[in-house]
Amino acid sequence: MEEEAEKLKELQNEVEKQMNMSPPPGNAGPVIMSLEEKMEADARSIYVGNVDYGATAEELEAHFHGCGSVNRVTILCDKYTGHPKGFAYIEFSDKESVRTSLALDESLFRGRQIKVIPKRTNRPGISTTDRGFPRTRYRGRGSGYSSSRARFYSGFSSRPPRGRAYRSDP
């Protein structure tokens with residue numbers, strides 16, 4: 001038993017040494033890109049909207065194969081359910097393919113009319129949902145403390161209380 005345990009430890013040490021010496025095969029870890037690299041990759045990419053939920057990356061690649069060499073097809077999915085969101089990004093090898101692929105805007109893919117536009121680069125700190133006014137937690141119907149919530153804090157109300165009132169007859 002002790003001999004087998006020693007052999008297993010030796011094998012495990014050899015495997016760990018090989019893992020540390022050679023880089024992991026393929027795309028094993030997250031790729032961290034600089035903003036310039038992202039912008040360059042986005043310049044070679046397109047957004048495809050109204051994609052059928054049952055579509056595969058291979059089908060999208062085949063649809064856009066005539067535009068140029070496709071590097072990557074990304075179909076975005078909901079993180080909770082895992083179901084596709086209905087749009088995708090396609091990255092080409094060169095920028096000329098993006099211009100060629102724009103001709104496929106409003107073409108039919110799996111019976112649906114797809115939308116093809118160049119991909120935009122997300123810039124950190126710039127929000128598309130910022131509408132220019134501060135968000136507040138409560139949005140009353142009235143202005144200030146004259147709303148219906150004010151009577152709970154002021155201690156009195158300008159309206160009579162709701163419900164039945166108790167009246168005693170003298």
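Where is the place of E106? In this predicted model, E106 sits in the loop between α4 (96-101) and β4 (108-109).

- E106 is not a glycine, yet its phi is positive, at about 65°. Most residues other than glycine have a negative phi.
- E106 has a relative accessibility of 52% and therefore counts as exposed, the threshold being over 50%.
- S107 is also placed in the loop between α4 and β4. With 17% relative accessibility, S107 counts as buried, because the limit for that class is under 20%.
- The side chains of S107 and H63 are joined by a polar contact of 3.4 Å.
- Leaving aside residues up to four places away in sequence, S107 touches H63, R112, Q113 and I114.

**The loop between β1 and α3**

- N50 lies in the loop that runs between β1 and α3 (57-63).
- N50 has a positive phi of about 60°, although N50 is not a glycine.
- The relative accessibility of N50 is 33%, so N50 counts as partly exposed.

**The largest nonpolar core**

- In soluble globular proteins, nonpolar side chains tend to be buried together.
- The largest nonpolar core here has 16 residues. Those with the most contacts inside this core are I46, V48, V51, L60, F64, I90 and F92.
- Two or more residues of this core come from each of β1 (45-49), β2 (70-77) and β3 (84-92). The element that gives the most is β3, with 3 residues.
- V48 is one of the residues with the most contacts inside the core. When residues up to four places away in sequence are not counted, V48 touches F64, G86, F87, A88, I90, I114 and K115.

**Aromatic pairs and their cluster**

- The structure holds 3 aromatic pairs.
- Y47 and F87 form a tilted pair, with 5.6 Å from centre to centre and 40° between the planes. Because Y47 lies in strand β1 and F87 in strand β3, this pair ties together parts that are 40 residues apart in sequence.
- F87 also pairs with Y89: the ring centres are 6.1 Å apart and the planes stand at 85°, so this pair is edge-to-face. The angle required for that class is over 60 degrees.
- Y47, F87 and Y89 together form one aromatic cluster.
- Y47 is partly exposed, with a relative accessible area of 25%. Y89 likewise counts as partly exposed, at 25% relative accessibility.

**Charged residues over aromatic rings**

- K119 lies over the face of Y89, at 5.0 Å from the ring centre.
- R112 lies over the face of Y53, at 5.6 Å from the ring centre. R112 is also among the residues that S107 touches.

**Pairing of β2 and β3**

- β2 and β3 pair in the antiparallel sense, over 6 bridges.
- C77 has P84, in β3, as its bridge partner.
- The two strands β2 and β3 form a hairpin with 6 residues between them. In the turn, G82 has a positive phi of about 85°.
- In a regular strand the side chains alternate between the two faces of the sheet.

Methods
Residues are numbered from 1 along each chain as its sequence is written. This is a predicted model: local features need pLDDT of at least 70, side-chain atom pairs count only at pLDDT 80 or more; totals for chains, interfaces and linings use all residues. Side-chain values use heavy atoms; hydrogens and water are left out. A nonpolar core is a set of buried Ala, Val, Leu, Ile, Met, Phe, Trp, Tyr and Cys residues joined through side-chain atoms within 4.5 Å. Buried means under 20% relative accessible area, exposed over 50%, partly exposed in between (1.4 Å probe, protein chains only). Helices (H or I, at least four residues) and strands (E, at least two) are DSSP runs, numbered from the N terminus. Contact means heavy atoms within 4.5 Å. Rings of Phe, Tyr and Trp (its six-membered ring) pair if their centres lie within 6.5 Å; planes under 30 degrees apart count as stacked, over 60 as edge-to-face and the rest as tilted. A charge sits over a ring if NZ of Lys or CZ of Arg is within 6 Å of the ring centre and within 35 degrees of the ring normal. A polar contact is a pair of N or O atoms within 3.5 Å; within protein, one must be able to donate a hydrogen and the other to accept it, and residues adjacent in sequence count only if both atoms are side-chain atoms. Two strands pair if DSSP finds at least two bridges between them.
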